[in-house]
Amino acid sequence: MKKNNKTLKVRFLGGLGEIGKNMTALEYGKDILVIDAGVAFPTEAMPGIDLVIPDTSFLVQNKDRVRGVVLTHGHEDHIGGLPFLLKDVNAPVYGTNLALALAESKMRENRINNYNFNCVKPGSVVKFGCFSVEFIHVNHSIPGAVALAITTPVGVVFHSGDFKVDLTPVNGEIMDITRISEIGKKGVLLLMCESTNVERPGYTLSESIVGETLDRLFQENDKRRLIIATFASNVSRLQQILNLAAKYKRKVAFLGRSMEKVTEAAAKIGELTIPENTIVELDRQKNIPDKDLCIVSTGSQGEPMSALTRMAADDIKNVKIGSNDTIIISASPIPGNEKMIYSVINSLYKKGAEVVYETLEKIHVSGHACQEELKILHSLVKPKFFIPVHGEYRHLKKHVKLAKSLGMKESSMLIAEIGSTIELTSKSMKFGESFQAGSRLVDGLNIDDSELMVRDRKNLAEEGVIFVVCCLSAESAELLQEPIIVCKGVTLTDEQKEEMKRIVSNTVKKNDVKSMGDKSELRGAIRRAFKNYVFKRTKGNPMVLPVITEV
């Protein structure tokens with residue numbers, strides 16, 4: 001126990017070996033501090049899944065020791081998992097104004113009323129048991145982003161959050177490099193730094209560059225209707241669009257549930273300034289000439305149910321895409337989404353619209369630091385130890401290489417995984433025990449810890465399902481009529497179906513049905529016989545569901 005009290009444990013619940021689902025816990029003695037509670041979005045290999053959240057079993061088991069949750073900013077991959085965590089862990093949450101406003105919307109959506117949110121400003125210092133956290137302003141693609149300087153009994157841990165070095169930010173406040181430098185001079189034990197753009201050389205372009213491009217596009221399309229798709233959470237981008245709409249005397253209609261929620265929350269707390277008489281309801285935009293209208297929508301990633309995708313499919317009642325539309329996609333594809341985005345772009349072109357996207361114009365800039373900005377942070381913080389975070393394994397590996405190029409010893413760096421525990425003293429860093437961690441799948445109101453459901457859905461989608469309906473006599477256990485074969489997603493000839501009926505009949509005769517009780521053995525025999533036959537004839541492996549009734 002004495003040894004434990006002198007060791008800081010850093011536990012990773014998400015955000016390593018993946019993009020999104022960011023969550024880290026610091027543990028010292030009886031105190032636990034949680035950094036972020038994010039989600040990831042399902043891949044094509046997760047049919048029907050709405051969200052992927054961290055497995056928080058460790059925190060639930062130690063909920064009486066959790067002193068608080070601190071948020072670095074309000075993006076989904078940092079706050080989206082809060083409702084699921086706070087259902088089981090009643091801990092106070094600290095974040096900046098916009099992060100909490102967006103988190104509150106999540107709580108209402110999940111019908112959670114019992115929570116303790118506390119607003120902080122950059123420069124604030126908050127105590128959490130033995131931990132003391134200072135919130136430091138950084139630039140990102142959403143206002144209110146902060147880095148964290150966490151004073152622990154063994155030294156200072158610096159967590160970068162998501163950041164970039166923007167010397168001409170839209171909101172006029174540059175990253176607090178001075179304070180970060182002061183903290184670095186005093187001594188930092190551990191740096192945990194984001195790795196999203198570590199593969200990109202140079203510097204990330206300023207958000208103001210996008211404003212210049214948008215201004216020109218507003219001028220060039222002065223006779224056309226503008227439709228701009230962007231991330232709802234990119235409040236700085238939304239502010240630029242609103243300012244330009246007012247400048248060029250255009251009305252703005254928001255389209256998409258998340259777009260409406262974010263703009264409402266940001267405007268309510270003053271993080272988004274909406275020019276007077278600019279906003280118009282979507283059902284009223286029919287009476288507005290094209291040259292006087294700008295629709296701002298979700299769907300910049302080509303998501304199947306998003307506003308832009310539905311517009312491309314003529315699935316939105318009040319908006320029909322035509323030859324007088326210019327559609328601006330103000331975002332870059334998240335890896336894996338390229339196919340969906342270009343499918344939407346092709347559909348928009350087919351309807352006669354002009355489409356502007358990142359390949360053609362400087363219409364989007366990242367919110368994450370590139371290599372030279374990462375070097376700046378490392379040089380300012382001067383940590384004794386370093387753990388790269390927020391990235392796939394290749395990002396983490398590349399970030400270690402970058403730190404090594406700055407003179408850091410390989411022995412002072414570790415690449416962790418979800419479920420890893422890193423133990424730190426003032427003089428050492430090493431791997432500790434692993435703990436239960438990973439992903440939980442959210443499907444509507446249900447949360448599933450197992451991937452069996454996803455495997456079943458994939459099998460249904462890829463191989464189909466065959467229902468085998470048998471009606472047996474309760475007295476003799478004989479078939480009262482020939483079996484019914486129902487195929488969904490499986491192509492079988494009439495001859496093959498007849499052969500299957502004979503297989504079922506023979507299987508029933510061969511088995512002593514009366515002694516089988518719940519008929520589970522017969523169902524298993526039918527399933528095996530069917531699978532063998534289908535595989536031999538079609539090389540397919542459909543799900544087979546025998547249904548046995550007695551009369």
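Helix α8 spans residues 257-268, twelve in all. From first C-alpha to last it reaches 17 Å, close to the 16 Å expected at 1.5 Å a residue (that is, 1.5 Å times one less than the number of residues). Helices here are DSSP runs of H or I with at least four residues, and strands are runs of E with at least two, numbered from the N terminus. This is a predicted model, in which local features need pLDDT of at least 70, side-chain atom pairs count only at pLDDT 80 or more, and totals for chains, interfaces and linings use all residues. Residues are numbered from 1 along each chain, and side-chain values use heavy atoms, without hydrogens or water.

- Met259, Val262, Thr263, Ala265 and Ala266 are buried (under 20% relative accessible area, 1.4 Å probe, protein chains only).
- They lie on the same side of α8, because they cover an arc of only 165 degrees around the axis (taken from the directions from the axis to the C-beta atoms).
- The face turned away carries Arg257, Glu264 and Lys268, which are exposed (over 50%).

**Surroundings of α8**

- Its buried residues pack against α4 (97-109), β13 (225-230), α7 (235-247), β14 (251-255) and β15 (293-297).
- Just after α8, Gly270 has a positive phi of about 85 degrees.

**Helices α6 and α7**

- The axes of α6 (residues 207-220) and α7 come within 10 Å and cross at roughly 30 degrees (axes are lines fitted to C-alpha atoms over the stretch in contact; angles run from 0 to 180 degrees between N-to-C directions).
- That makes α6 roughly parallel to α7 (under 35 degrees).
- Contact (heavy atoms within 4.5 Å) involves residues including Leu214 and Phe218 of α6 and Ile241 and Leu244 of α7.

Notes. Parallel < 35°, antiparallel > 145°, perpendicular 65-115°, else oblique.
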